[in-house]
Amino acid sequence: MSPKLITMFRNNEISGDLMKNDIIAGFIVAIIALPLSIALAISSGVSPEKGLITAIFAGFMISFLGGSKVQIGGPTGAFVVIVYGIVKTYGIDGLIIATIMSGIILIIMGMLKMGNLIKYVPQTVTVGFTSGIAVTLLITQIKDLLGLNIKDVPAEALYKIAAYIENINSFHLITFLIGLACILIMVYWPKVNKGVPASIIALVFATLVVKIFSLNVDTIGSLYSNISSTIPMPSIPKINMDKIIQLIQPAITIAVLASIESLLSCVVADKMIDDKHDSNSELVAQGFGNIASAIFGGIPATGAIARTAANVKNGGRSPISGIIHAITLLLIMILLMPLAKMIPMTVLSAILIIVSYNMGEWKEMKEMMSLPKIDVVVLLSTFILTIVFDLVIAIIVGMSIHLIAVLFINKSDDKATEEVA
């Protein structure tokens, strides 16, 4: 169990050309990660800079210590609903403690070589909860896309929808039209130019339109007046046994999601670069990454599939690109963070709506509907329970149904076949 960065240096795999390509790829991925990190932080119920802090510290640690050559770590859409619920229930200090606890759990999982267990999670469960998370992320964006005036948005998806319906009279047409234009830009811009990230084009467009025409649209600055461009000193809230007991379930939720999403991202990356990741090193890196993020005031992090894929497509072939991505975001935060106040909230919602659509495995779900009935039950149960309740309940129920099918239904079918024979 050794970090890929050390292995590559030891095997003399790091060349001048490789480093040059990695620096370029890292810079491009940082530009992609910039609006995403801010948007994910706000949707998670925390201030914008905490998303960048997460991408900087967790991203650095995940690349530096990770078991994948090209994994990019940071905040992801999968965590939005979970983090929002923890912040609503336990506050920022509760989130920090839960994230640190989850980091410790991840390190222990890696040391116990539990990374190999990912292969036992059936695809019906992973597709079900991934698509369920995509729907819940989409639901969280409706408020800002429509410009609804809701002071206290509930954490649960169904209650969110009810709150939107109750406050639909506060619908703001200009906000919606700008958000819709941003969605269309992100859909069609790649057909014009794939070199410049569509999210950056949408962000610049919306910001300029609101600024030039002095439109009455919510911006980051109007909602978050005290955005910091400085890196906070590391700190840990006071921890006692009562808090640990209260936060063990959220911590396990974060650890489970971080482990599954990061290792799935590694599998995708392996296929793209024809390599094999070290799953246990990756879990250890995810653990240290989450601890580092938390003590600097960030939120939970994991491997980001979309940013990892973008890294590979732009020439990234070693952990150096992920480190450059983190350093670039650090410089952007220090030098340009005050400008973020001008960004309209509706463009951030538009960006995350595209993210939610892309992260949902809709094609796979459609294909899986032709599987045996019990597999369809596992798929739909995991999908629906993720939306209505939470990830842990969804995975427990989905895995339980799958195990019952494997242990009892399949055995009874085999027995019936033998009797007929």
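Predicted model: local features only at pLDDT ≥ 70, side-chain atom pairs only at ≥ 80, totals over all residues.

Helix 15 gives the most to the lining of the largest cavity, with four residues, where helices are DSSP runs of H or I with at least four residues, numbered from the N terminus. Residues are numbered from 1 along each chain as its sequence is written, and side-chain values use heavy atoms, with hydrogens and water left out.

The lining itself consists of Ala-39, Ile-42, Ser-43, Gln-141, Asp-144, Met-345, Leu-348, Ser-349 and Leu-352, and the elements giving two or more residues to it are helix 2 (16-43) and helix 15 (345-359). A cavity here is a set of points on a 1 Å grid, over the protein atoms alone, where a 1.4 Å probe fits but cannot get out, and lining residues have an atom within 4 Å of a point. By type, the lining divides into five nonpolar, three polar and one charged residue. The volume of this largest cavity is about 30 Å³, taken as the space filled by probe spheres set on the points.

Turning to the helix pair, the axes of helix 4 (residues 80-111) and helix 11 (residues 241-273) come within 6 Å and cross at roughly 65°, the axes being lines fitted to C-alpha atoms over the stretch in contact, with angles running from 0 to 180 degrees between N-to-C directions. Helix 4 and helix 11 are therefore roughly perpendicular to each other, a term that covers 65 to 115 degrees. The residues of their contact divide into 19 nonpolar, six polar and one charged, with Asp, Glu, Lys and Arg counted as charged, Ala, Val, Leu, Ile, Met, Phe, Trp, Tyr, Cys and Pro as nonpolar, and the others, Gly among them, as polar.

Note on methods:
1 Å grid on protein atoms, 1.4 Å probe; cavity = no way out; pocket = protein on both sides within 12 Å on 5 of 7 lines; lining within 4 Å. Parallel < 35°, antiparallel > 145°, perpendicular 65-115°, else oblique.
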